[in-house]
Amino acid sequence: TGDAGQPSGEVVVELERLCVEVAAEASRFIRDERPDRVRVAQTKSTETDVVTLMDTASERLIHERLLAARPDDGILGEEGADVAGSSGLTWVVDPIDGTVNYLYDIPAYAVSIAVVTGDVSVAGGWTVVAGAVADPSRRVVHHARRGGGSWTVAEGEGPDSRTGRALHVSDETLLARTLLATGFGYAAETRARQAEVMTRVLPAVRDIRRIGSAALDLVRVAEGTVDAYAEAGLNPWDLAAGWLLVEEAGGIVTGTGRHPGKELTVAAPPSLVDEVKSLFVG
Ligand code: IPD
C-alpha cells in the first residue's frame with residue numbers, strides 16, 4: 001500500500017481485475033450448478049433468513065481464489081469468512097445476495113465482491129477501493145475502481161473490455177416521478193418499522209420496487225434503471241461493491257450520518273438524495 005494506506009494506482013487496477021474475474025467465476029458457478037430444488041441448509045437471524053448449500057459453496061470458492069491471489073489480505077464474508085490479514089486490504093464478500101430469490105428461482109440475485117481499506121466493523125471507518133457485482137441471470141459483471149468510472153461487461157470479459165458500457169445515474173429531479181427501490185430486513189420488529197416508513201414513502205413517489213437483492217438495487221441506481229434506493233439494516237457485504245458503483249456513476253451514497261450502514265443506506269442522484277433521505281429519516 002502507498003500513501004495513507006491506500007494502494008497504488010497499478011495495484012488498484014489489478015484489484016479491480018481480480019474482483020471481476022472471481023465474481024464472474026462465482027456467477028457461473030451459482031447459475032450453472034443451481035440444483036432444481038435448492039435446499040435451505042440452515043437459518044440465521046430468523047426463520048426467514050436462510051442459507052443454502054450454494055451460499056456456502058460459493059463463498060468457499062471465492063475465498064480460495066482470493067487467498068491464492070492475495071495471501072496477505074483479509075476477508076469478511078456473509079457466510080462466516082473472517083480472516084484478519086496483514087496488508088491493510090480486506091475483501092468484503094456476499095456469495096449470493098438475494099438468497100430468497102435464488103431459493104425460488106427468481107432471476108434477481110448476485111455475487112458481490114469489494115476490496116476495502118480501513119476497519120469494516122466501524123461505521124464510516126472504511127473506504128471501497130474496487131468492487132464488482134456479477135448478475136448471473138443477465139450474464140454481466142458491473143465493476144468500478146475509485147476514479148475509474150462504473151462499467152458493465154459481459155461475463156467472462158475483463159474490466160478493460162472494449163465492449164464495456166459506462167454507467168450513469170438517472171437525471172430525475174422530482175420525488176413524485178421517482179421509481180424507488182427498497183428492501184426489508186429479516187426480523188419481525190424491523191419489518192414492522194419498515195412497513196410504517198412505507199406508509200410515508202409510497203404516496204410520495206412514482207412507485208416502489210422490492211427487487212430482493214441490495215447489490216442489484218445499487219447496480220440499478222448506478223445504471224439509472226431505478227431512480228433511487230433506500231433501505232435500513234444493510235451489512236457491509238450487501239452494500240460495499242454497489243456503493244462504489246453508484247458513486248462512480250455520478251450518484252451519492254449516504255446514511256443517517258455521512259456514511260451508509262446498518263441504520264440507513266440511501267443511494268440516489270445528487271438531485272434526489274436529500275429528499276429521499278428525509279423521507280426515510282422521517
Ligand atoms: C438481503 C438482500 C435483500 C435485502 C436484505 C439483505 P441476502 O441479502 O440484499 O434485498 O433487503 O436486507 O439482507 O440475505 O439475500 O444476502
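**Around the ligand and the domain boundary**

Modeller: Let's start with the shell around the ligand: three of its residues are nonpolar, seven polar and five charged. For those classes, Ala, Val, Leu, Ile, Met, Phe, Trp, Tyr, Cys and Pro count as nonpolar, Asp, Glu, Lys and Arg as charged, and the others, Gly among them, as polar. Keep in mind that this is a predicted model, where local features need pLDDT of at least 70 and side-chain atom pairs count only at pLDDT 80 or more, while totals for chains, interfaces and linings use all residues. Numbering runs from 1 along each chain as its sequence is written.

So who sits around the ligand? There are 15 residues, and the closest are Asp 97, Gly 98, Thr 99, Gly 183 and Ala 214. Domain 1 (3-166) and domain 2 (175-281) both supply shell residues, so the ligand lies between them. Those bounds come from an automatic or database domain assignment.

Now look at how the two domains meet. Their centres, taken over C-alpha atoms, are 20 Å apart. 36 residues of domain 1 are in contact with 25 residues of domain 2, where contact means C-beta atoms, placed from the backbone, within 7 Å. On the domain 1 side, β3 (74-77), β5 (89-97), α3 (99-104), β6 (110-118), β7 (126-135) and β8 (140-145) each give two or more residues. Helices (H or I, at least four residues) and strands (E, at least two) are DSSP runs, numbered from the N terminus. By class, that side has 17 nonpolar, 13 polar and six charged residues.

Zoom in on strand β7 and you'll find Gly 131. Gly 131 counts as buried because 33 other C-beta atoms lie within 10 Å; the cut-off for buried is 20 or more, with exposed at 12 or fewer, partly exposed in between, and C-beta atoms placed from the backbone. Leaving out residues up to four places away in sequence, Gly 131 touches several residues, including Cys 19, Ile 113, Ala 240 and Leu 245.

Leu 245 takes us into the largest nonpolar core, which has 74 residues; Ala 23, Ile 113, Leu 218 and Leu 245 touch the most other members. Such a core is a set of buried Ala, Val, Leu, Ile, Met, Phe, Trp, Tyr and Cys residues joined through C-beta atoms within 7 Å.

Note on methods
A residue is near a molecule or strand if its C-beta atom, placed from the backbone, lies within 6 Å of it.
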